[in-house]
Amino acid sequence: MKTKIRLLVPIFLGISGTFAFAQIESSGIYLKAGDYINQKLTLACNCKTEKQKIIAEVMFHPKEIVVKRNGTTHRYLKDSVYAVRHCDGSIIRIFDNSEYHLINPKEPIMIYRITSGGSGKGSGPIVEYFFSRDPKSRIHSLTILNLKKAFHDNVKFLEALEIEFKSDAELSAYDSFNKIHRLNHVYALSLIN
């Protein structure tokens with residue numbers, strides 16, 4: 001039975017609305033969630049043949065995203081941009097004027113990370129995790145309670161959360177055997193009848 005489930009999860013994930021990232025060497029911006037879902041980049045740039053610089057850092061440009069391409073500067077208000085895609089494939093979602101690094105673009109429950117400097121001498125960076133139910137949903141702190149609220153309509157998933165995760169810290173774990181975040185693996189299993 002476990003073998004059947006392990007075989008079904010990748011098949012499920014391939015069919016269930018994960019996104020084909022054909023533009024792996026492209027950069028640009030997604031203006032809306034629908035653009036992200038359909039992989040429609042605005043100011044798309046082929047990273048192998050063109051040069052483009054996207055500046056979205058809060059420190060330098062708190063309210064805008066600047067795209068420099070072919071000697072032209074394009075400016076967008078952050079609240080009008082859904083996400084930024086860089087040449088290295090990283091995707092930064094803009095939500096409530098904050099930047100969330102998407103760590104699993106091919107999985108249904110989107111998990112984001114924010115890393116900030118440590119406070120005090122000798123302390124390392126502080127990493128916080130967040131999630132959205134899907135590309136169109138709001139971003140929330142990655143906690144068991146918030147997942148229960150977001151997925152209140154999936155009783156099987158709620159039960160699995162109780163069994164599989166003992167603390168919020170476990171929610172961002174990656175399952176290297178199944179090559180998917182553990183949370184999404186559990187979610188996929190909850191959708192199998």
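Before the first stop, one term is needed: two residues are in contact when they have heavy atoms within 4.5 Å of each other. You are looking at a predicted model, in which local features need pLDDT of at least 70 and side-chain atom pairs count only at pLDDT 80 or more, while totals for chains, interfaces and linings use all residues. Residues are numbered from 1 along each chain as its sequence is written, and side-chain values use heavy atoms, with hydrogens and water left out.

**The whole chain**

Begin with everything selected. The protein chain has five helices and 13 strands, where helices (H or I, at least four residues) and strands (E, at least two) are DSSP runs numbered from the N terminus. Of its 193 residues, 41% are buried; here buried means under 20% relative accessible area, exposed means over 50%, and partly exposed lies in between, with a 1.4 Å probe and protein chains only. The chain exposes about 11100 Å², and carbon and sulfur atoms supply 55% of that area, which was computed by the Shrake-Rupley method with a 1.4 Å probe, only the protein chains shown counting as cover for residues. Among contacts with a separation of 6 or more, 42% are between residues 24 or more positions apart.

**The open sheet**

Now select the strands β2, β1, β6, β7, β8, β9, β10 and β11, which in that order form an open sheet of eight strands with antiparallel pairing; two strands pair if DSSP finds at least two bridges between them. At the edges stand β2 and β11, each with a single partner strand, so one side of each is left without a neighbour in the sheet.

Within this sheet, zoom in on β9 (residues 110–116) and β10 (residues 126–132), which run antiparallel and are joined by seven bridges. Keep Phe 130 selected and turn to β11, where its bridge partner is Ser 141; the strands β10 and β11 (residues 140–141) are antiparallel and joined by two bridges. On the other neighbour of β9, strand β8 (residues 98–102) pairs with β9 in the antiparallel sense over two bridges, and His 101 has Arg 113 of β9 as its bridge partner.

**A hairpin**

Next select residues 64–69 and 72–77, the antiparallel strands β4 and β5, which six bridges join. Ile 65 stands opposite Tyr 76 of β5. The hairpin has two residues between its strands, and Asn 70 takes a positive phi near 50 degrees.

**The disulfide**

Which two cysteines form a disulfide? Select Cys 47 and Cys 87, whose sulfur atoms are 1.9 Å apart, inside the cut-off for a disulfide, a pair of cysteine sulfur atoms within 2.5 Å. The structure holds one disulfide. The torsion about its S-S bond is about -85 degrees, so the disulfide is left-handed. The pair links distant parts of the chain, 40 residues apart, with Cys 47 in the loop between β2 (42–46) and β3 (52–55), and Cys 87 in the loop between β6 (83–85) and β7 (91–95). Both count as partly exposed, Cys 47 at 21% relative accessibility and Cys 87 at 37%. Cys 45 is in no disulfide, and the nearest cysteine sulfur, that of Cys 47, is 5.1 Å away; Cys 45 is buried, with a relative accessible area of 1%.

Finally, select helix α4 (residues 155–164) and colour its buried residues, Phe 157, Ala 160 and Leu 161. Viewed down the axis of α4, these buried residues fall within an arc of 105 degrees, so they line one face of the helix; the arc is that of the directions from the helix axis to the C-beta atoms. They pack against α3 (144–150) and α5 (182–190), whereas Val 155 and Ile 163, on the other side of α4, are exposed.

Move on to Glu 170, in the loop between α4 and β12 (174–175). Glu 170 is partly exposed, with a relative accessible area of 27%. Leaving aside neighbours within four places in sequence, Glu 170 is in contact with Glu 164, Phe 165 and Arg 182.
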